[in-house]
Amino acid sequence: MKNAAQWQLIDQVRARFGPRAAVTDAHDIAPWLTDWRGRFHGAAAAILAPVDRDEVAAIVAMAHALGVALVPQGGNTSMVGGATPPVDGSALVLSLRRLNRIRSIEPAAGIAIAEAGVILSDLHIAADAQAMRFPLTLGAKGSATIGGLVSTNAGGTQVLRWGTMRKLVAGVEAVLPDGSIHDGLAALKKDNRGYDIDQLLIGAEGTIGIVTAAALRLAPAIHARAVAWVGLASPHRALGLLRFFERRTDAVESFEIIPASGLAHVLAHIPDTRAPISGEHPWHLLIEAVSSDGDDEPPASLVERLLGEAHASGLIEDATVSASEAQATAFWRIRDSLSEAERAQGPAVQHDISVGVAAMPDFLIDAAAAVMARYPGTHATGFGHLGDGNVHFHVRAPEGVDRDAWYKNEAPGITRFVHDLVVAAGGSISAEHGIGQMKRDELARLGPPSRIAALTAIKRAFDPSNLMNPGKLVTLAPSACDQ
Ligand SMILES: Cc1cc2nc3c(=O)[nH]c(=O)nc-3n(C[C@H](O)[C@H](O)[C@H](O)COP(=O)(O)OP(=O)(O)OC[C@H]3O[C@@H](n4cnc5c(N)ncnc54)[C@H](O)[C@@H]3O)c2cc1C
């Protein structure tokens with residue numbers, strides 16, 4: 001029955017919008033059925049590919065009438081299997097990549113309106129051409145789309161100053177599960193008409209509607225930047241340095257912590273990398289400060305001056321400030337290569353977690369010790385966005401283990417152990433990647449029940465037939481899905 005309805009939908013879409021709107025060639029579809037990390041493999045009879053909001057609305061309305069489930073997909077860079085369809089072929093993929101127009105950029109208002117399929121780096125380039133910037137970036141910027149970024153409430157490396165997508169999105173346009181349109185693009189500063197539908201759609205992972213465009217807040221283009229590399233004794237000192245900077249300047253955009261082992265892996269596995277500072281340091285920081293105005297103190301002299309004071313007071317062991325754009329890029333390359341270097345080092349299980357910023361230094365030390373005591377031979381550590389209380393907490397397998405057997409037999413227990421530590425510390429098991437299919441059962445296990453009940457009620461209110469990205473984020477009880 002399901003397949004018959006799917007093929008009816010495919011035929012209807014082709015009849016109305018032409019052959020490009022419904023791709024069924026297995027070869028063309030294949031790359032989009034596996035997630036970026038290659039962990040989740042799905043099946044789908046077609047990828048539906050509308051070109052504008054009205055085509056999306058028509059397709060969703062048809063799918064609703066026929067009872068066909070849809071998996072929205074942007075750049076397919078989800079870290080949690082969020083855009084991968086179910087393995088049983090029970091859904092079609094709805095790709096938003098052809099909705100790739102930047103409708104407007106208004107420097108005076110500081111707002112860009114971009115369609116869901118616009119690739120993040122294309123928005124960066126377009127904003128730059130107007131002496132503006134969209135102050136959110138991440139490793140997948142060459143593929144990740146505005147719709148995906150909105151739907152995962154993405155973060156990245158500038159959250160410290162600019163916030164996540166929740167703060168950067170001024171309004172959302174979306175197609176709701178019955179095909180009706182929600183238009184929030186007016187980007188009103190004040191709007192008190194009850195629940196904030198835009199904010200419900202941000203971070204919803206495609207489970208309550210399809211984002212077709214967003215109004216995005218822009219910042220003035222960067223005039224100058226400085227990137228510093230710092231060596232120091234502990235994450236506690238790193239937090240001390242963060243507070244030290246916060247009291248003196250608001251020019252800092254990134255404050256990234258890196259353990260000595262992470263730097264060592266990069267130097268060992270990534271070609272053409274070298275340590276920015278000499279000597280052994282247990283922990284490192286990458287700090288970026290920017291100015292958008294020529295009248296501001298140049299970031300390089302600001303950071304150098306503040307690091308000089310921090311060094312004199314014994315807070316840090318050593319530091320250097322980039323002397324050129326090439327050196328700044330080289331420092332960032334080390335930071336951005338941490339995951340790749342770790343993969344080259346051996347199997348590891350990753351956790352994108354957050355705790356309160358002030359609690360992070362203790363968590364980094366205590367959780368790593370607890371994991372290594374419970375799972376002898378492993379090596380646990382965290383790196384990433386210290387200034388946001390968000391690290392990627394990775395546990396490397398003992399030397400010489402069988403990779404597949406370790407992933408199958410050990411990794412799930414380690415993940416549960418880490419997540420229990422996070423919850424005990426009052427934190428979140430998903431800081432910026434979302435829940436998708438990877439963390440859905442852990443979210444259900446760890447709750448709290450009131451949160452799960454509220455999430456499920458929202459899902460059911462928008463999508464009682466469970467046709468929007470089923471199986472992601474929350475599970476609807478069968479009775480609710482059988483309608
Ligand atoms: C190398 C790398 C680095 C990364 N770094 C970061 C980082 O620093 N911070 C961070 O937050 N994330 C990061 N990510 C994760 C990822 O890039 C983000 O989650 C991104 O927002 C996903 O965008 P996408 O277009 O690829 O979405 P997809 O992967 O296609 O989809 C992601 C989710 O959004 C839904 N979705 C997609 N488009 C729509 C739409 N138009 N309407 C409704 N639902 C939709 C999908 O169904 C899915 O649930 C990284 C990923 C990679 C591969």
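By class, three nonpolar, five polar and three charged residues line the second largest cavity. (Ala, Val, Leu, Ile, Met, Phe, Trp, Tyr, Cys and Pro count as nonpolar, Asp, Glu, Lys and Arg as charged, the others, Gly among them, as polar; a cavity is a set of points on a 1 Å grid over the protein atoms alone where a 1.4 Å probe fits but cannot get out, a pocket is an open set with protein on both sides within 12 Å along at least five of seven lines, and lining residues have an atom within 4 Å of a point.) The model is predicted, so to speak of local features requires pLDDT of at least 70 and side-chain atom pairs count only at pLDDT 80 or more, while totals for chains, interfaces and linings use all residues. Residues are numbered from 1 along each chain as its sequence is written, and side-chain values use heavy atoms, with hydrogens and water left out.

**Stop 1: the second largest cavity**

Select Thr157, Gln158, Val159, Leu160, Glu253, Ser254, Phe255, Glu256, His385, Gly387 and Asp388, which line this cavity. Its volume is about 30 Å³ (the space filled by probe spheres set on the points, which are joined across faces, edges and corners). Now colour helix 6 (159–162) and strand 13 (252–259), each of which supplies at least two lining residues (helices, H or I of at least four residues, and strands, E of at least two, are DSSP runs numbered from the N terminus). Strand 13 has the largest share of this lining, with four residues.

**Stop 2: the largest cavity**

How many cavities of 30 Å³ or more are there? The count comes to two. The largest cavity has a volume of about 100 Å³. To find the largest cavity, select Pro259, Ser261, Gly262, His265, Leu338, Glu342, His379, Thr381, Phe383, His394 and Arg396. Helix 10 (260–269), helix 13 (338–345), strand 17 (379–385) and strand 18 are the elements that give two or more residues to the lining of the largest cavity. By class, the lining of the largest cavity holds three nonpolar, six polar and two charged residues.

**Stop 3: strands 16 and 18**

One place to look is serine 354, whose bridge partner in strand 18 is asparagine 390. Is strand 16 (residues 348–354) buried or exposed? Seven of its seven residues are buried, so strand 16 is largely enclosed by the rest of the structure (buried means under 20% relative accessible area, exposed over 50%, partly exposed in between, with a 1.4 Å probe and protein chains only).

**Stop 4**

Next, select Arg166, Ser428, Ser430, Ile435 and Arg451, which of the 41 lining residues lie nearest the centre of the second largest pocket. Helix 8 (197–201), helix 17 (440–446) and helix 18 (449–462) are the elements that give two or more residues to this lining. Helix 18 gives the most, with four residues. The space in the second largest pocket is about 930 Å³. Its lining divides into 16 nonpolar, 18 polar and seven charged residues.

**Stop 5**

Finally, show the open sheet of four strands in the order 1-2-4-3, with mixed pairing (two strands pair if DSSP finds at least two bridges between them). Strand 1 (22–23) and strand 3 (69–73) are the edge strands, each pairing on one side only. Strand 2 (residues 47–48) and strand 4 (residues 91–95) run parallel and are joined by two bridges. Select leucine 48, and then leucine 94 in strand 4, which stands opposite.
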